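Look at the structure first, then read the points grouped by topic.

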Amino acid sequence: MIFFIGVIFCNYVTNLTKKNDKINRKLHITKDGSHTIFLEEMNEHYHSKKGAISESKYVFIKNGFSQLKKNYVKILEVGMGTGLNILLTLLNSNKNLKIYYHALEPYPIDESLQKKLNYCQFLNIDDEILKKIHVSVWDKKIKLNENFILYKEKTKIENFKNNKSFDLIYFDAFAPSKQKEIWDFNTIKSCFNLLSVGGIIVTYSSSGEFKRNLKKIGFKISVLDGALGKREMIRAKKI
């Protein structure tokens with residue numbers, strides 16, 4: 001989920017990663033007890049400080065994944081980050097549902113940080129599941145189970161080229177105030193083109209400019225109650 005705002009900042013991060021492959025990221029405990037990551041350079045967290053797992057369950061699972069009534073679902077995630085949305089989607093799928101999950105993440109978290117994430121302990125599941133999500137090779141289809149195929153790609157949504165159509169997009173970039181270019185008209189138009197008819201995009205944000213862009217592009221917008229005290233969130237459908 002790491003996208004950086006501004007040319008100067010992007011150049012800084014690029015130079016930093018070339019030098020020592022390190023970005024200043026720290027684990028924080030959110031109010032529900034689950035981890036998020038704090039990115040010092042942006043003064044931003046990957047998830048809500050009120051609850052990482054609680055937020056993801058509400059926004060992406062309840063109001064995204066659970067809305068689809070199909071036997072085969074293709075999901076695109078903009079901002080893989082900690083892998084939490086992949087993990088929760090896997091846990092909420094069933095044996096009658098086949099899933100292809102394409103995750104975009106230009107700046108993956110390092111293994112030492114991934115090992116400390118407490119999601120599996122919090123959810124009382126085998127920690128090998130999250131480990132497999134992170135250590136599996138990039139740019140190759142990986143079976144997480146018989147019905148769940150994961151494909152990870154180290155790229156930004158702006159550079160993403162694909163001839164597949166998706167049923168669902170988890171739009172989990174940093175907030176528009178931190179990452180305005182990811183929420184602009186051209187990026188959202190690209191998402192529209194990547195969705196099949198009837199497909200949906202779901203996100204925690206409900207900024208005015210984002211809603212205007214969605215309407216202008218042709219999405220049908222549902223403004224929903226936000227997660228964890230946040231006033232609103234957005235689910236939009238391609239019609």
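In this predicted model, helices α3 and α6 cross in the right-handed sense. Helix α3 also packs against α2, and the strands form an open sheet with mixed pairing.

**Helix α3 against α6**

- Helix α3 and helix α6, which spans residues 128-135, pack at an angle of about 130 degrees, and their axes are 10 Å apart.
- Because of that angle, α3 counts as oblique to α6.
- On the α3 side, the contact uses Ile86, Leu87 and Leu90, which meet Ile129, Leu130 and Ile133 in α6.
- The residues of this contact comprise 6 nonpolar, no polar and no charged.

**Helix α3 against α2**

- Helix α2 covers residues 52-62 and helix α3 covers residues 84-91; their axes come within 10 Å and cross at roughly 65 degrees.
- The crossing of α2 and α3 is right-handed.
- Helix α2 contributes Ala52, Ile53, Ser56, Lys57, Phe60 and Ile61, while α3 contributes Leu84, Asn85, Leu88 and Thr89.
- The residues in the contact of α2 with α3 divide into 6 nonpolar, 3 polar and 1 charged.

**The sheet**

- Strands of a sheet pair through backbone hydrogen bonds, in either the parallel or the antiparallel sense.
- The open sheet here has 8 strands, in the order β6-β7-β5-β4-β8-β9-β11-β10.
- Strands β6 (142-145) and β10 stand at the edges with a single partner strand each, so one side of each has no neighbour in the sheet.
- From one strand to the next, the twist averages 20 degrees.

- Strand β9, residues 195-203, runs antiparallel to β11, and 4 bridges join the two.
- Valine 202 has arginine 235 in β11 as its bridge partner.
- Strand β10 (residues 219-225) and strand β11 (residues 232-238) are also paired in the antiparallel sense, over 7 bridges.
- Which residue in β11 stands opposite lysine 220? The residue there is lysine 237.
- Strands β10 and β11 form a hairpin, with 6 residues between them.
- In the turn of that hairpin, leucine 228 has a positive phi of about 55 degrees.
- Helix α8, residues 208-217, lies across β9, β10 and β11 and runs at about 150 degrees to β10.

Conventions. Residues numbered from 1 in each chain as written. Predicted model: local features only at pLDDT ≥ 70, side-chain atom pairs only at ≥ 80, totals over all residues. Heavy atoms only, no water. Pairing = 2+ DSSP bridges. Axes fitted to C-alpha atoms, helices over the stretch in contact; angles between N-to-C directions. Left-handed = near helix turned anticlockwise from the far one by under 90°. Contact = heavy atoms within 4.5 Å. Nonpolar A, V, L, I, M, F, W, Y, C, P; charged D, E, K, R; others polar. Parallel < 35°, antiparallel > 145°, perpendicular 65-115°, else oblique.
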